[in-house]
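Here is the note you asked for, on the charged side-chain pairs in this model. Please read it with the sequence and the structure open.

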Amino acid sequence: MTAITRSLAALVSCALAAGGLTAAGVAVLQPQTAQASSHREAPLISGQPQYDTTDVYAFVSPDKPDTTTMVVNMLPMEDPAGGPNFFKFANDARYDLHVDNDGDGQGDLLFRWTFKDHLKNGDTFLYNTGPVTSLDDPDLNFTQTYDLEVIKLKHQKAVARAMLGHNLPVAPSNVGKASMPKYQTLRDQAVQKIGYSGGSTAFAGQADDPFFLDLRVFDLLYGGDMSEVGQDSLKGYNVQSMALQVPTSALTQSKEQPVIGLWSTTHRKTANGDWAQVSRLGSPLVNEVVIPRKDKDKFNASSPWDDAQFLKFVQDPELPKLVEQIYKIKAPATPRDDLVQAFLTGVPKLNQPPNVKPSEQLRLNTSIPPTASPKRLGVLDGDNAGFPNGRRLTDDVLDIALQAMEGELLGKKNDLGDAVDANDQKFGGSFPYVANPNSGSDATATAKSAGQSLLNGGSGVGSGSSEDNMLLAGSAAAGGGAVLLLGLGLLWMRSRRPARVRVRRH
């Protein structure tokens, strides 16, 4: 590199540092696989992350068993240090959670979130202009609020609606320890009581991504020899989370019919003012590994009551054939009625409602009480309070799905898995249960030498060339005489050592 090139590089890094964008050179961030995500399940939605539903969860609340908690997560792969704008919900979207309480494939209740942006000072690039100690802190420059509405439906027509909360606060992105020294305080303030059915609770804001799995499944099923397992690909990443805790009696048809089905949709406002559905998600991994690529966008724009068009993909899935081709494990015989139950109707005597119409939903039998010791494999391990009966945060849905695809529900026992058995962060014991978001300060720092600091480009005293540690200074304007700092040194760029993976042998 020439001296001129090095000088230009140093000047560029100075400008970035002055703008608060130096994180890329100071430390290696915890997220490790930004190029992969099971969340970006369809071609069109992969380019619209604010509208992309990553996961839906529904479970009987462990600390309040007369209530049901529902969580919808959006915007995958949020890098905690992704400033200066950081992350937010779209303000031109309708985020909907549908509840079918009679098994006919159509929603009976619809919970709708809509968001608004609020900017205090447009003359700064900063997300916050000082340490933030509360959601109404004047130093929190950018904020969001939301309205939460419930709509009662009959044949997909609104027959009643009520506003559950107006201008409720959103928990912000966790910028870092200097900006938000007590993030838990901000999280607590974003948990809001709402007046629905005698008392409900709502939350919206950033959270640690609760989905845990090794996404290298897409590298010809873990490298073709199961060598690529054991690394949580979503470790260190955040999502935008919407959570709602409601008395179960307000969701179910009756005590005699306690099964509900849930799915989320996102509608985006078009240029002519119409609303277009761009995302849909119920059970995990259906669009990712069941629906073929040519139909993925169609699935995202479709509705459960039209799911007969996708039946053949459930009855004759591609994944077991790939496993047989690569690992010589014989695929179960088709048609796969066991998968039809798991994905489309619910399992008889567990979470299948009477007179059910096959449709892809996350089905939860709310009469099954929570267990004090959840098993990560849920129903496959005898824990009927877990997936595919609803979905808890701790359910290992990747392992469950792999084992079910290979015939576990048919009595074909197997122990397939990705060797990632739990989330990297501990979940909360009370609403909203999702873990706090990873902080922009959460990074694996490079080794520091004596005297390393921002002012010498991260280098140790006496190390590096004068070009690498270049510090420009200039005179102040007339009447001044003080030295003006014009730039900072070139930041050291260090590559990360490859992560060691744990292989679980079967």
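**Salt bridges in the predicted model**

1. Searching the whole structure turns up 17 salt bridges, each defined as a side-chain nitrogen of Lys or Arg within 4 Å of a carboxyl oxygen of Asp or Glu. The model is predicted, so local features need pLDDT of at least 70 and side-chain atom pairs count only at pLDDT 80 or more, while totals for chains, interfaces and linings use all residues. Residues are numbered from 1 along each chain as its sequence is written, and side-chain values use heavy atoms, with hydrogens and water left out.

2. Asp-92 and Arg-268 pair through their side chains in a salt bridge, at 3.8 Å from N to O. This pair links distant parts of the chain, 176 residues apart, with Asp-92 in the loop between β3 (67-78) and β4 (93-100) and Arg-268 in strand β11 (residues 259-269); strands (E, at least two residues) are DSSP runs, numbered from the N terminus. Asp-92 is partly exposed at 23% relative accessible area, and Arg-268 is partly exposed at 30%, where buried means under 20%, exposed over 50% and partly exposed in between (1.4 Å probe, protein chains only).

3. Between Arg-161 and Glu-149 there is a salt bridge whose closest N and O atoms are 2.8 Å apart. Because Arg-161 lies in strand β7 (residues 157-169) and Glu-149 in strand β6 (residues 142-154), the pair ties together parts that are 12 residues apart in sequence. Glu-149 counts as buried, with 17% relative accessibility.

4. Asp-338 and Arg-336 form a salt bridge through their side chains (2.9 Å, N to O), and both Asp-338 and Arg-336 are buried.

Notes: Helix = DSSP H or I, 4+ residues; strand = E, 2+ residues; numbered from the N terminus.
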